[in-house]
Amino acid sequence: MWHLVLNRRGRLTHDRKGFSGKLRTQLKRSGILKMAITGAGTTPDDDDHGEPFVLRATKIAAVVALYWFISITMVFLNSYLLDNKDLNAPLFVTFYQCLVSVGLCGFMQLLSTIKPGLVDVPSVNFELKTSREVLPLSIVFIGMITFNNLCLKYVGVAFYTIGRSLSTVFNVLLSFIILKQSTSLQALVCCGIILGGFWLGVDQEGVAGSLSWSGVFFGVLASACVSLNAIYTKKVMPAVDGSIWKLTYYNNINACVLFIPLILVFGELGRLSSFNRLDDLKFWGMMTLGGVFGFAIGYVTGLQIKFTSPLTHNVSGTAKACAQTVIAVVYNASSKSVLWWTSNMMVLGGSSAYTWVKSREMQKTSRKEPQEPDREKLLQGEKGDAGV
């Protein structure tokens, strides 16, 4: 039977498959959006509804543990690759990781075609027009991952949390400048705590004689790019039909192309030609593993949000950063002052408090919003699906 339905442009069209199935899908999307706004951990349509508490808690613990393992391992693995004294080519390392991500995207699509029940990945056909529309985000994306790696190269894992701690501050600043969004006093206080922790951490690193101003500089740039990446992601989502998977595919392809001239300009091709381990399988194995973990972090991040909530994910990320710092200090047998640890606690505490404040503000906003007609909700569900 044919049904009249409202498409994304607000026009009535025919739907042979039936409206009821699409209605259920869109209502489920609205439930997910509500979870993201309110910070609730579950939706009425959760597949694990009615599961025993022990089983549900075990699943959540396993997902959080997987996120911690992949995230911490990726940071240490990148630090190992970038600390290679024989190869000073951070752009090439980053380029290769993007190349691995493109290969994994293709492999997952192929696997989804062969075994549709095992992996559910939408098929993506490369289009030059879409690639051009995603290009502004890809430029910011290149800056983000490159400056992240350069910061890690110069400061190491122990100071990495401090060096990359200003993302929240840049979120507030750029949201005001670009999006004209104001920020509450409580959120500004949290940003002040983060800035204080950053300043104290830099000061204590200088006192210890291990401060790298290059690392600090790249860390600040990386923080700014992380914030810009979030803003531009929202802008280009319509170009990829709100698909995070499609965005990842185009972003990494664009990055691979853009990295080639950068590698040539900064003379890394010459360093590669003189590198004596180009035929070493262990070297390429570690490089490939770094790309696999870089690809996997996006998946496990979404998985943790799905099984917990956006707020819990941020708290988990903060706790993970704390554990990561402790592991790095113990592994390197370093001795840090009380003020150095205080700076880390200020940064992590300020970040957690900011997440909590923004979550409360979003909950209040969602309660004040009037109820809209079902048709409006369906349209919003389609637009908001990009951010899930």
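The model is predicted, so local features need pLDDT of at least 70 and side-chain atom pairs count only at pLDDT 80 or more, while totals for chains, interfaces and linings use all residues. Residues are numbered from 1 along each chain as its sequence is written, and side-chain values use heavy atoms, with hydrogens and water left out.

Let's begin with the whole chain. The protein chain holds 14 helices and two strands; these are DSSP runs numbered from the N terminus, with helices (H or I) of at least four residues and strands (E) of at least two. Of its 388 residues, 42% are buried (under 20% relative accessible area, with exposed meaning over 50% and partly exposed in between, using a 1.4 Å probe and protein chains only). Among contacts (heavy atoms within 4.5 Å) with a separation of 6 or more, 79% join residues 24 or more positions apart.

Now for the helix pairs. Two packed helices are described by the angle between their axes and the distance between the axes. Axes are lines fitted to C-alpha atoms, for helices over the stretch in contact, and angles run from 0 to 180 degrees between N-to-C directions. Helix H2 (residues 53-82) packs against helix H11 (residues 281-307) at about 150 degrees, and their axes are 9 Å apart. That makes H2 roughly antiparallel to H11 (angles over 145 degrees; under 35 is roughly parallel, 65 to 115 roughly perpendicular and the rest oblique). The contact of H2 with H11 involves 20 nonpolar, six polar and one charged residues. Here Ala, Val, Leu, Ile, Met, Phe, Trp, Tyr, Cys and Pro count as nonpolar, Asp, Glu, Lys and Arg as charged, and the others, Gly among them, as polar.

Compare helix H6 (residues 167-178) with H8: the axes are 8 Å apart and the angle is about 50 degrees, so H6 and H8 are oblique to each other. On the H6 side, the residues that meet H8 include Phe-170 and Leu-174, and their partners in H8 include Val-220 and Ile-231. This contact has eight nonpolar, four polar and one charged residues.

Finally, look at two loops. Asp-241 sits between helix H8 (213-236) and helix H9 (244-265), and its phi is near 60 degrees, a positive value in a residue other than glycine. Asp-241 is partly exposed, at 48% relative accessibility. Ala-333, in the loop between helix H12 (310-331) and helix H13 (338-368), has a positive phi near 55 degrees. With a relative accessible area of 68%, Ala-333 is exposed.
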